[in-house]
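User: I would like to go through this structure and ask what stands behind each label. Please set each value against its cut-off.

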Amino acid sequence: MPRTRTTIGSALAASLLLAGCGAEVNPDPRSAGASEKVTVKRCGEPVAYRTPQRAVVYEGGSADKMFSLGLTKHVHGYVMPPANPPVSESPWASEYAKVKMLSDDLLNKELVVEAKSDFVVAGWNSGFSDQRGITPQILDKLGIQSFMHTESCFNYPKYPQKVTPFKALYSDLDRLGKIFKVEKKAHDVVSGLKKRVAAAESKAPTSLKRDPLPVFLYDSGTDQPFTAGSQVPPNDIIKAAGGRNIFDGLDERWTQVNWEAVAEAEPEVIIIFDYGDMPAKKKIDFLKKSPHTKDLPAVKKNNFFVLDYNEGISGPRNIDGLEKFAKYVRDLKR
């Protein structure tokens with residue numbers, strides 16, 4: 001799956017006490033309301049949350065969700081792996097500037113403890129990881145609260161939750177709104193996003209509503225391609241614009257397929273997922289030269305659309321990506 005990054009703010013409502021291999025967070029009694037808990041689901045698990053004051057966010061999607069809700073003051077810092085585009089390109093660049101960049105590497109428990117964080121926002125197997133020793137259960141034992149992107153919950157152990165990617169985005173904003181007691185702001189943000197999606201859907205060419213455009217998302221890979229299954233935002237971006245992800249039948253997030261399946265589907269458009277150290281142009285050059293892809297309809301017609309990393313991972317910028325792709329599809333000559 002693609003690499004990752006994130007964001008965070010200020011205000012200390014908890015002091016972190018380290019003792020041997022453990023740690024616990026003691027709420028500051030001076031913080032009015034900090035001890036008032038609200039129960040919100042973390043994937044399918046009901047969790048009682050105190051209002052966080054020192055959040056750590058991983059990747060742009062996590063930071064964007066917090067910033068879009070006006071929660072910058074609750075963010076202590078962000079972790080932003082290098083695959084993520086520069087935060088200066090974000091619509092919330094001014095908010096990033098108000099919080100600390102904690103690391104340009106992967107999320108880890110030591111970083112969170114050192115930051116005296118009381119809340120961590122990330123995805124399952126995209127930030128949180130059994131292999132790297134940072135999971136919600138591990139953080140629970142340290143007294144550190146956590147929140148997972150609903151989009152990443154479909155195969156979360158014990159407490160899975162499966163909804164379509166755009167609905168997962170709306171759910172996250174609603175849930176964060178409840179945790180931080182900004183429900184009205186969350187409602188307004190979600191309503192705005194839904195209206196933009198409906199507008200894009202309404203403008204899709206009538207012909208595509210009967211016969212959706214076959215679309216292949218190319219993430220990476222030469223021997224075998226990495227692509228988007230049905231459980232990630234590009235699937236909904238493609239569908240809302242009048243297309244059909246050729247791998248929408250795969251109940252996966254980011255997954256590996258084979259070139260034979262790509263060729264058999266005859267995609268008319270290829271979305272290039274742009275991130276990391278391989279520019280979109282190099283990916284396009286590879287597809288034009290590879291014997292597996294050079295004769296695909298999309299390649300022959302030069303039908304390539306570049307999707308920014310933060311428009312493809314769960315976050316408010318998904319709708320920016322939809323609007324851009326929907327316009328590309330409307331202008332496309334078939």
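Predicted model: local features only at pLDDT ≥ 70, side-chain atom pairs only at ≥ 80, totals over all residues.

User: What does the protein consist of, in terms of helices and strands?

Analyst: The protein has 13 helices and 16 strands. Its length is 334 residues, and 57% of them count as buried. The accessible surface is about 14500 Å², with 50% of that belonging to carbon and sulfur atoms. Among contacts between residues at least 6 apart in sequence, 70% join residues at least 24 apart.

User: Why is Ala-186 called buried?

Analyst: The relative accessibility of Ala-186 is 1%. Buried means under 20%, so Ala-186 counts as buried. Ala-186 is in helix α6.

User: Which residues is Ala-186 in contact with, leaving aside its neighbours within four places in sequence?

Analyst: They are Leu-69, Leu-173, Asp-174 and Gly-177. Contact here means heavy atoms within 4.5 Å. As for C-alpha atoms, those of Ala-186 and Asp-172 are separated by 9.4 Å, and the two residues are 14 apart along the chain.

User: What makes Lys-37 exposed?

Analyst: Lys-37 has a relative accessible area of 56%. The label exposed needs a value over 50%, so Lys-37 is exposed. Lys-37 sits in the loop between β2 (22-27) and β3. Apart from neighbours within four places in sequence, Lys-37 is in contact with Ala-48, Tyr-49 and Arg-50.

User: Why does Lys-109 count as partly exposed?

Analyst: Its relative accessibility is 28%. Lys-109 is found in helix α3. Beyond its neighbours within four places in sequence, Lys-109 is in contact with Gly-133, Ile-134, Ile-138 and Leu-142. Lys-109 and Leu-139 are 30 residues apart in sequence, and their C-alpha atoms are 7.8 Å apart in space.

User: How do you know that helix α1 is largely enclosed by the rest of the structure?

Analyst: The count of buried residues shows this: 10 of the 10 residues of α1 (residues 59-68) are buried, so the helix is largely enclosed. Among them are Glu-59, Asp-64, Lys-65, Met-66 and Phe-67. Just after α1, Gly-70 takes a positive phi of about 75°.

User: What makes the phi of Lys-116 worth a remark?

Analyst: Most residues other than glycine have a negative phi. Lys-116 has a positive phi of about 55° although it is not a glycine. Lys-116 lies in the loop between α3 (109-114) and β8 (119-124). At 40% relative accessibility, Lys-116 counts as partly exposed.

User: Where does Lys-181 lie, and what is its phi?

Analyst: Lys-181 is in the loop between α5 and α6. Its phi is near 60°, a positive value in a residue other than glycine. Lys-181 has a relative accessibility of 38%, between the 20% and 50% cut-offs, so Lys-181 counts as partly exposed.

User: How do you know that Cys-43 and Cys-153 are joined by a disulfide?

Analyst: Their sulfur atoms are 1.9 Å apart. The cut-off for a disulfide is within 2.5 Å, so the pair Cys-43 and Cys-153 meets it. The pair links distant parts of the chain, 110 residues apart: Cys-43 is in the loop between β3 (38-42) and β4 (45-49), and Cys-153 is in the loop between β10 (145-148) and α5. The angle about the S-S bond is -75°, and the link is left-handed. Both cysteines are buried. A search of the whole structure finds one disulfide.

User: Which residues line the largest pocket?

Analyst: The lining consists of Thr-164, Phe-166, Lys-167, Tyr-170, Val-197, Glu-201, Asn-235, Asp-236, Lys-239 and Ala-240. A lining residue has an atom within 4 Å of a pocket point. The space in this pocket is about 220 Å³.

User: What kinds of residue are they, and which helix gives the largest share?

Analyst: The lining divides into four nonpolar, two polar and four charged residues. The largest share, four residues, comes from α8. Helices α5 (165-179), α6 (183-202) and α8 (233-240) each supply at least two residues.

Technical notes:
Residues numbered from 1 in each chain as written. Heavy atoms only, no water. 1 Å grid on protein atoms, 1.4 Å probe; cavity = no way out; pocket = protein on both sides within 12 Å on 5 of 7 lines; lining within 4 Å. Points joined across faces, edges and corners; volume = space filled by probe spheres on them. Nonpolar A, V, L, I, M, F, W, Y, C, P; charged D, E, K, R; others polar. Buried < 20%, exposed > 50% of the residue type's maximum accessible area, 1.4 Å probe, protein only. Areas by Shrake-Rupley, 256 points an atom, 1.4 Å probe, with all protein chains shown as cover.
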